[in-house]
Amino acid sequence: MILALASTAAVAVALRLDKEAELPPGIPPQPAAIVVDPQIDPVVATAPAPTRAGISRAIAPELRDPALGVLSGMISDSLTGEVLWSRNPDRPRIPASNDKVLSAAAVLDAMPHDARLTTTVVAGSDGQIILKGAGDPTLSAQPAGADTFYSEPARIADLAEQIKQAGIPVTSVAVDLSAFSGPTMDRTWDRRDIQGGDIAPIESLMVDGARLEPLDEYSPRSATPGIMAGEALAAALDVDAPVTEASAPAGDRVIAKVESAPLVTRVNDMLRHSDNVLAETLSIELSVHRGGPATLAAGVDAIEQVLSSTFPEQWKGTTLADASGISYANRTTPALLDAVMTAASGPSRPALRPMLDGLPIAAGTGTLADRFPIATTPGAGWVRAKTGTLTGVSSLTGIVQTIDGRVLSFALMSGGTSPADARPALDAVVGQLRECGCR
């Protein structure tokens with residue numbers, strides 16, 4: 001009874017308020033509702049340009065940090081290409097995963113950005129089906145609708161559904177790994193890194209990058225990725241027979257097929273997560289596109305051929321052993337890394353521009369998610385960069401927008417100190433580029 005009376009009184013008051021006369025003079029009317037219209041404001045060519053003196057002055061205190069060890073680097077104006085600061089820029093250094101900047105640039109420069117890879121299932125004999133790889137490690141064994149590590153991947157579940165729809169009785173599953181040839185591991189790699197989660201044997205058929213835990217970036221990898229993929233298809237079809245290797249029969253009677261995400265999506269996944277397996281398969285894809293062999297060595301050759309032609313002057317001093325950067329035998333220079341980033345962020349090489357979307361964002365995404373802490377280091381949200389880390393090696397290559405709205409490219413390569421110490425020191429240097437107008 002009391003609640004009912006209270007409700008009635010509230011309604012009466014509300015009705016009375018709604019019927020009040022116009023507001024007394026001098027009281028502003030109620031403002032209109034705010035309409036949210038998020039937009040990205042592009043940088044403008046008229047943003048004030050930093051000077052060499054301004055850059056040097058801004059970063060001088062951070063460059064004195066001994067945690068940087070032996071530092072080489074280059075900083076440039078993306079719009080004009082002018083070099084604003086450098087220190088031993090032509091000295092070859094171990095790039096670690098900054099090698100992936102070169103791999104991404106070569107692939108995007110030389111291939112259609114919408115290129116896709118098609119994984120097929122071919123009918124064999126006596127109820128056997130053969131899963132034939134095409135070099136797509138992003139193929140996922142995750143069920144339909146479930147989360148995946150890679151963006152927009154093809155799925156084993158879709159292959160299984162097509163096979164069921166075809167009404168073909170399946171007694172066994174085999175895998176065809178013939179799309180790639182040659183060694184599956186570079187001689188400079190450590191096989192312990194398979195269990196460590198850094199690499200897997202590079203076969204033409206994989207699921208979820210050969211991760212044993214498909215959503216865990218640092219999961220141990222399979223030592224037999226092709227067989228693992230076949231087992232995923234067998235499980236989806238409720239087939240208990242052991243998975244074997246086989247060659248697809250002549251004529252390739254395809255009963256199911258799925259396509260990967262576009263090339264540009266896979267390149268950006270590779271950059272964002274610093275994915276070594278994806279970097280190596282992309283390099284092989286580049287070699288095949290150019291008419292070369294489907295081998296790890298040919299993939300490296302293809303990267304070298306593309307970039308030595310595109311950046312002939314800066315290429316000097318670069319020798320690559322792999323496409324991912326896990327080899328200590330790789331050498332490149334800040335001059336080349338910065339030239340690639342200047343081309344990607346400036347007007348000279350629009351084919352490279354999409355790689356900027358894949359670069360991790362400071363304090364936001366990928367391998368920079370836990371770097372550039374907002375409370376202590378400027379640059380959070382404004383720096384996009386590729387990290388590179390090996391024991392005693394730390395590198396950072398990317399772009400930053402200054403507080404005045406000018407975009408700068410940079411490549412910093414540090415060695416001789418612990419990455420745990422060097423990374424924040426590198427971040428501090430780049431953070432000052434964000435804070436200063438550097439004029």
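Colleague: Why are α3 and α7 called roughly antiparallel to each other?

Modeller: In this predicted model, α3 and helix α7 (residues 263–273) pack at an angle of about 175°. Angles over 145 degrees count as roughly antiparallel, and α3 and α7 are therefore described in that way. Their axes lie 10 Å apart.

Colleague: Which residues make the contact between α3 and α7?

Modeller: From α3 come Lys 100, Val 101, Ser 103, Ala 104, Val 107 and Leu 108. Helix α7 supplies Leu 263, Val 264, Val 267, Met 270 and Leu 271. By class, the contact holds nine nonpolar residues, one polar and one charged.

Colleague: What makes α10 a mostly covered helix?

Modeller: The cut-off for a buried residue is under 20% relative accessible area, and twelve of the twelve residues of α10 are buried. Among them are Pro 334, Asp 338, Met 341 and Ser 345. The elements that cover the buried residues of α10 include β1 (70–77), α3 (99–110), α11 (355–358), β9 (393–401) and β10 (407–415).

Colleague: How does the span of α10 (residues 334–345) stand against the expected value?

Modeller: From its first C-alpha to its last, α10 reaches 16 Å, close to the 16 Å expected at 1.5 Å a residue.

Colleague: What makes β10 and β2 paired strands of β1?

Modeller: Pairing requires at least two bridges. Eight bridges join β1 to β10, and four join β1 to strand β2 (residues 83–87).

Colleague: Which residue takes a positive phi in the hairpin of β1 and β2?

Modeller: Gly 81 does, with a phi near 80°, in a hairpin that has five residues between the strands.

Colleague: How do you know that Val 121 counts as buried?

Modeller: Val 121, which lies in strand β3 (residues 118–123), has 0% relative accessibility and therefore counts as buried, the cut-off being under 20%. Beyond its neighbours within four places in sequence, Val 121 is in contact with residues including Ile 129, Leu 159, Leu 233, Arg 253 and Ile 255.

Colleague: What separates the C-alpha atoms of Val 121 and Ser 178?

Modeller: These two C-alpha atoms are separated by 14 Å, and the residues are 57 residues apart along the chain.

How values were computed. Residues are numbered from 1 along each chain as its sequence is written. This is a predicted model: local features need pLDDT of at least 70, side-chain atom pairs count only at pLDDT 80 or more; totals for chains, interfaces and linings use all residues. Side-chain values use heavy atoms; hydrogens and water are left out. Helices (H or I, at least four residues) and strands (E, at least two) are DSSP runs, numbered from the N terminus. The expected span of a helix is 1.5 Å times one less than its number of residues. Buried means under 20% relative accessible area, exposed over 50%, partly exposed in between (1.4 Å probe, protein chains only). Contact means heavy atoms within 4.5 Å. Axes are lines fitted to C-alpha atoms, for helices over the stretch in contact, and angles run from 0 to 180 degrees between N-to-C directions. Angles under 35 degrees count as roughly parallel, over 145 as roughly antiparallel, 65 to 115 as roughly perpendicular and the rest as oblique. Ala, Val, Leu, Ile, Met, Phe, Trp, Tyr, Cys and Pro count as nonpolar, Asp, Glu, Lys and Arg as charged, and the others, Gly among them, as polar.
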